[in-house]
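Work through the exercises below with the sequence and the model at hand. Each task is followed by a solution in steps.

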Amino acid sequence: MTRARSAPEKRRRSVPFHRVDVRDEDVDAVVGALRSGWLTHGPLCRSFEQEFAAATGAARAVTTSSGTAAMYLALVALGVGEGHEVITTPLTFCSTVHVIEHCGARPVFVDVEPVTLQIDPGLVGKAIGPATAAIMAVDFGGHPCDLTALTELGDAHGVPVVEDAAHSFGALHEGRPVGSIVTATCFSFYATKNITTGEGGMVTTDDAGLADEVELLRLHGISRDAWRRYGEGGDWYYEVTRCGFKANLTDLQAALGLSQLRRAEEMRARRAAIAARYCDAFAALDHLLQVPEVSPSVRPAWHLYPLRLRLESLDVDRAGFIRALADAGVGTSVHFIPVHLHPYQRDRYGYARGDFPEAERAYDRLVSLPLYPAMSDDDVAHVVDAVVEVATAHAR
Ligand SMILES: *Cc1c(COP(=O)(O)O)cnc(C)c1O
């Protein structure tokens with residue numbers, strides 16, 4: 001049965017919050033890895049580590065099964081444990097904080113500074129005490145935090161700086177690539193991140209001893225990699241030297257990572273161009289919308305485009321703004337619900353609203369817009385039009 005159409009069906013454009021950028025070359029790389037017969041950790045992981053180290057200017061890079069595993073192994077390798085404190089920001093994903101708890105340490109939050117929403121080094125300085133075992137800095141949105149101030153603080157107190165760089169692969173801080181600046185930098189290759197392996201992570205460091213320790217911990221504490229054990233001329237003998245973890249990447253994933261890494265610069269430039277387009281388009285609406293501000297000493301990786309609503313000038317709240325954008329065919333998200341407001345942290349440590357006012361104030365206003373290389377120019381224009389329309393319609 002057919003129905004006559006009185007008018008051509010108009011398909012409304014819809015831009016999802018995220019779409020992966022997987023191309024034929026990525027598919028071919030993964031198929032190639034499958035055909036090679038080596039499915040788990042092996043030579044492609046090694047190549048990915050070498051090329052990633054070169055890309056970030058780090059002496060060493062160690063693959064892991066996730067960004068969370070990268071952070072956890074870095075903390076364990078640095079000796080973080082029971083009775084220790086690790087200073088971090090509440091404006092992050094929960095896993096930044098969970099890894100601290102898994103070590104048996106206490107996460108100590110300090111608030112963000114209100115302009116870039118990065119961890120406030122002045123407050124970090126005040127929070128450092130005899131139990132502080134590490135500073136866990138987070139490059140919120142892909143904008144590197146003040147790594148110079150944090151490194152100076154860490155050096156002055158003998159405390160390592162670990163960087164949650166899940167958002168910031170490809171970013172520069174004072175001209176240096178993220179990955180080559182602090183004690184240990186932890187990257188995520190989760191599906192939405194700037195380059196992806198589906199799931200995966202990496203620790204970069206200039207400290208060879210630390211890299212060796214992370215390598216041991218990632219695969220059961222076994223002193224030789226399985227691929228060498230079974231490789232030609234290999235040896236059946238190995239030793240277990242640590243109570244290690246099972247947190248390795250696979251060659252299937254590394255094949256995708258290598259392929260993504262080859263066009264990382266193109267993808268980074270595309271993200272930057274989209275972000276610039278948004279900033280230009282929203283500049284005229286500064287009374288309604290606050291665009292993300294970039295510190296002059298960095299080049300962000302633009303993982304997110306965290307727009308802030310000037311709620312005092314709008315007649316909707318953030319939830320209403322998000323609904324209106326969804327009705328206009330624009331997918332959005334919120335980064336992040338401050339970690340101290342989640343029931344687990346709130347109940348365990350007795351946090352309440354008001355404890356970290358800058359993070360909370362930001363949270364109430366934040367809307368992350370679509371920002372990924374697979375967006376077409378028409379997608380970008382659609383997002384711009386929708387945001388301008390919704391903001392203007394709801395101006396007080
Ligand atoms: C994605 C993300 C992580 C976790 O990375 P996984 O690879 O998913 O484990 C950690 N911190 C931040 C800020 C993230 O966005």
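The exercises cover a helix pair, the nonpolar cores and some backbone geometry.

This is a predicted model, in which local features need pLDDT of at least 70, side-chain atom pairs count only at pLDDT 80 or more, and totals for chains, interfaces and linings use all residues. Residues are numbered from 1 along each chain as its sequence is written, and side-chain values use heavy atoms, with hydrogens and water left out.

**Exercise 1.** Describe how helix 1 and helix 9 pack.

Step 1. Helices (H or I, at least four residues) and strands (E, at least two) are DSSP runs, numbered from the N terminus. Helix 1 spans residues 24-36 and helix 9 spans residues 251-262.

Step 2. Their axes lie 8 Å apart, at an angle of about 150°. Axes are lines fitted to C-alpha atoms, for helices over the stretch in contact, and angles run from 0 to 180 degrees between N-to-C directions.

Step 3. Helix 1 is therefore roughly antiparallel to helix 9 (angles over 145 degrees count as such; under 35 is roughly parallel, 65 to 115 roughly perpendicular, the rest oblique).

Step 4. Contact means heavy atoms within 4.5 Å. Helix 1 contributes E25, D26, A29, V30, A33 and L34, and helix 9 contributes D251, L252, A255, L256, S259 and Q260.

**Exercise 2.** Which residues have the most contacts inside the largest nonpolar core?

Step 1. A nonpolar core is a set of buried Ala, Val, Leu, Ile, Met, Phe, Trp, Tyr and Cys residues joined through side-chain atoms within 4.5 Å. Buried means under 20% relative accessible area, exposed over 50%, partly exposed in between (1.4 Å probe, protein chains only).

Step 2. The largest core has 32 residues, and those with the most contacts inside it are Y278, F282, L289, Y305, F321 and L369.

Step 3. Helix 14 gives the largest share, seven residues. Among the other elements giving two or more are helix 10 (264-282) and strand 12 (305-309).

Step 4. Leaving out residues up to four places away in sequence, F282 touches L289, V291, Y305, L307, L369, V384, V387 and V388.

**Exercise 3.** Where do L117 and H220 lie, and is each buried or exposed?

Step 1. L117 is in the loop between strand 3 (106-109) and helix 5 (121-127). Its phi is near 65°, a positive value in a residue other than glycine.

Step 2. L117 has a relative accessible area of 5%, so this residue is buried.

Step 3. H220 is in the loop between helix 7 (208-218) and helix 8 (226-229), with phi near 65°. H220 counts as partly exposed because its relative accessibility is 35%.
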